[in-house]
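Please read them with the coordinates open.

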Amino acid sequence: MTLLTTLARLEAAVSGRARPLSRVRHCRLAAQPLVIIPLTLAGDPATPVAAMTGTSRYGQQLLVVPQPHSRDLRLGFLVGLARIVLGYIADRQNRTEVLPATKKSEERRRFADAPQVIVPNQAARDYLGLLGRSTRFLPTDGPYAVDPAVPSLGKWLTFLADSADHTGAALLADLTSLLAEHWASGQSPLEDASLAAQLAWIDPPPGMTGLQAALATEDPLRCPPAGPATDPGFDQAILEPLVRRYNRAAQAGKRAGVDRATAEITAALKGQLEPTWDAVWRAISLLRALPETALAGRRWSADKDSFTRFSSYLADGGLPQPRRDHAATAAARLDRLERAQAAYDTERALEDPFVLAELRTSGEAFAGEVVSAEPSRTIITAAGRAVLRPRFTVRTGDPVRLEPGRVLICPAHHRQRVQIADLTRTATDADVVLEVVQGMGTPGRPTPGAVPAIGELVSFTPDPGFFAQRDFPPPEQIPWTHGGPLVRRAVGPGEETPS
Amino acid sequence: MTATDARLDSLRGSTEPLSFTARTIAALTANPGCVRRALMDAAGADKAALATHVGFPQRSGASQSPFALTRGGIFEAQVKASGGADLVRLLRDKLGLDLPEVSYSDLESVGGNTTKKVRYRRTRALLLRAARHPDQAGTLYDHPMLRLQVGGHLAYLEPDVVAFQIQGKFHVVEVKSFAVIDGQADEESVAAAAMQAAAYIVALQDMLTAESLSASAVSTDVILVTPENFSPQATATFIDVRKQVAILRRQLARMARIGVLLDELPSGLTFDLAPDPDGNYTRARGELASALEVVPARYQPRCLKTCELAGFCRDEARAAGALTVLGSVVRDDLGSLDSISTALALASGIRQPSADQADIARALRYVKSISDTLAGGTV
């Protein structure tokens, strides 16, 4: 968070309404996302009690486990969830698109769409990962065999949860994080973890301030928590007595009693989930109202690529993802995540004046006035050829923290690249000498407008291409420090046996 | 009764002092700089009842789900079943402890007597004897009753732990029902368990040092027993709680000096809820709220998870326009400033910064100018 966001929080707190941090959306929102709101049993890990799910505002389905400790009922729930998730994914695999060959790659095919799962908050996101961990190793043969759809669900949930660590990926999105990227509320980040409270600041009901509306959401009777943890008061007063009633009926073998208890448990959980269901779709429509950027589409294409890759991995009989990454895989993954984060920040700056402003306040970008220019400057290359290398100087009051040599882009000239040739500071300003290194034309035919005129106001931000992929050694040459040559290991017996 | 005790009793008023558990003692360290909380805890005041009475009932973390409690109970019973057979196996196999023949001593009641004092005396006698004769080690003590001086009060700790002695050292075993999955557990749960274990260790150490025995006879490596992955199978892990012991000791020492804080309060100040014979609280709300406000608090959003009174303090901080309600990042960003209005006045240039505010004021004005340009000066 930068001082700009901090200032927005202060202003939100005083005005009683969230302040926009951005007026564009950097994340693709699918026309048909799959919303999943999971609820879990307190105390046990990955023991679901219910989930509300669906791809449209009025098309929700409710899955319930009336006795969460029963393995059969839990598996029934997971099979039900698997049908929904796998069906949704299969629908995204119906159409393919052809990417024509480029200089770097051959022609290839990929799915024309990708799944997008939306959950209310980060805890729900993590919970789907945990459900994936608990189901992907389940055996499909032997005494504890489960429906093959369940481990398949596990692999997909793991894929989605892993993708969520990748900044800019939109395959699994949590709404509290997305909203916080676009609005600063007048409360603390800890309180922002509640979807209802954050929405209250962004879009309070008529006649209420954000603060009043947010405080009202804290009453679990009026506004049940968005999960996955249920309200302990609800557990105590309603759910636990109903589950006991279910147990009594089941033990006595009373079919009608079991049905009645199941219906009551279902109704109670529906009541807990419905307010969050509404909040989720409110949040989605607030986000949809923001115009999507062009690069969001490009990042979505990357999502389609990884969706296609994982689909074919599974089609080839792909094993469940390992419980822990191999050292080399982990190093590569970490590097990928870091670069994705850095690229995401600079890409957004190109499309979003708010993000550009944030980078300016932290010294990673700057804006200022052109004070001198040498539009026809040429240099002689090592090969003895004269090339055009125009230079110009920008004077800025921004706290620039970029070193000479860095390649920058002006958001107004996407195709051009400039490099910092020199940087001198005075007491209040900095003079940045920039050399155009791409998109300047030749000495005979200079590109018009490649060099800004003296007096023009310009801004520059780091080139996202700077964060291009790094080469890692091929699997067979991984050094022993990182676990040695990578061998694909089969999942051994006894990885996970149900109790 | 000392003057301090009398003063604390009058602060609390006519209700019985709350008894401490390891959980509430661990919570003492959550916000050590908060005088309001330190005083309330030392006096044994019922913060939850006070908060509800002044209109700010605690919402989150107020209670535990019965499902979680049941699971905890079942897991603990399973670990301790048949004289701790499962536990001994874990200690030998997982932690490689060289346990000889083990006997098991349950201190939950002493000849049918379950009062805290009696159980404490029995625990103390047995543990001191063991400490003096380390050669006769090999006993697991279940449900020991420990005692700790907290502020002006003696708190009895009824841990769901087992203490045992091996090679001249006492170890504390804590049984928790949160799962360790692929070697990782929920950070907050582990931190809470470590702090609670520290309370037991401090109590054990104090018991030994009171008899001129060495505190180093208590190991600061706690053995945490938890379910592994998604099965009810138990696993054991060592956690080093030296840091937590130090933090807790510092806070307890601070509470022991509570007299200094009390001296600064106006005489006659009380948080009495004035219950009538039916247990209904009759204290005027406004009066109680004013009494609470006399004692300075140090609200931070994290309090919402750890303190029953947090809703009240948050409201007070909001009314005062304190920066802390916006979270630690905002507070750290603005360094020396403490109110929202000051920060905004410096940003818009309405207010002239003092010498130590010059840097942050310049940064704020710069950010404000950028923000105004973005908003087109209208929003």
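1. Helices (H or I, at least four residues) and strands (E, at least two) are DSSP runs, numbered from the N terminus. This is a predicted model, in which local features need pLDDT of at least 70 and side-chain atom pairs count only at pLDDT 80 or more, while totals for chains, interfaces and linings use all residues. Residues are numbered from 1 along each chain as its sequence is written, and chains are lettered from A and ligands numbered from 1 in the order in which they are written.

2. Domains of chain A. The bounds come from an automatic or database domain assignment. Chain A splits into domain 1 (3–321) and domain 2 (348–466), with C-alpha centres 43 Å apart. Domain 1 of chain A brings 10 residues to the contact and domain 2 of chain A brings eight residues; two residues are in contact if their C-beta atoms, placed from the backbone, lie within 7 Å. On the domain 1 side, α1 and α11 (294–315) of chain A are the elements that give two or more residues. That side holds six nonpolar, three polar and one charged residue. Here Ala, Val, Leu, Ile, Met, Phe, Trp, Tyr, Cys and Pro count as nonpolar, Asp, Glu, Lys and Arg as charged, and the others, Gly among them, as polar.

3. Open sheet of chain A. Five strands in the order β4-β3-β2-β7-β8 form an open sheet with mixed pairing; strands pair if DSSP finds at least two bridges between them. β4 (61–64) and β8 (172–174) of chain A are the edge strands, each with a single partner, so one side of each has no neighbour in the sheet. Neighbouring strands of this sheet are turned by 25 degrees against each other on average, direction ignored. Axes are lines fitted to C-alpha atoms, for helices over the stretch in contact, and angles run from 0 to 180 degrees between N-to-C directions. Strands β2 (residues 34–40) and β3 (residues 48–54) of chain A are antiparallel, with six bridges. Helix α3(A) lies across β2, β7 (117–119) and β8 of chain A, at about 85 degrees to β2(A).

4. Ile37(A) and the core. Ile37(A) stands opposite Met52(A) in β3(A). Leaving out residues up to four places away in sequence, Ile37(A) touches residues including Ala51(A), Val119(A), Ala226(A), Leu273(A) and Trp277(A). Ile37(A) and Ala199(B) touch the most other members of the largest nonpolar core, which has 215 residues. Helix α7 (residues 187–210) of chain B gives the largest share of this core, 11 residues. A nonpolar core is a set of buried Ala, Val, Leu, Ile, Met, Phe, Trp, Tyr and Cys residues joined through C-beta atoms within 7 Å. A residue is buried if 20 or more other C-beta atoms lie within 10 Å of its own, exposed if 12 or fewer, and partly exposed in between, with C-beta atoms placed from the backbone.

5. Barrel of chain A. A closed barrel of six strands has the order β10-β13-β16-β15-β14-β17, with antiparallel pairing. Its twist averages 45 degrees from one strand to the next. Strands β10 (residues 366–374) and β17 (residues 457–462) of chain A run antiparallel and are joined by four bridges; Phe366(A) has Phe460(A) in β17(A) as its bridge partner. Helix α12 (residues 327–351) of chain A lies across β14 (407–410), β15 (413–425) and β17 of chain A, at about 160 degrees to β17(A).

6. Contact between the chains. On each side the count is given: 37 residues of chain A are in contact with 37 residues of chain B. α1(A) gives the most to the chain A side, with eight residues. The chain A side divides into 18 nonpolar, eight polar and 11 charged residues.

7. Backbone points to check. The peptide bond from Gly227(A) to Pro228(A) is cis, with omega near 0 degrees; Pro228(A) lies in the loop between α8 (210–216) and α9 of chain A. Ser212(B), not a glycine, has a positive phi near 60 degrees and counts as exposed because it has 6 C-beta neighbours inside 10 Å. Ala274(B), also not a glycine, has a positive phi of about 50 degrees and lies in the loop between α9 (258–263) and α10 (285–294) of chain B. With 16 other C-beta atoms within 10 Å, Ala274(B) is partly exposed.
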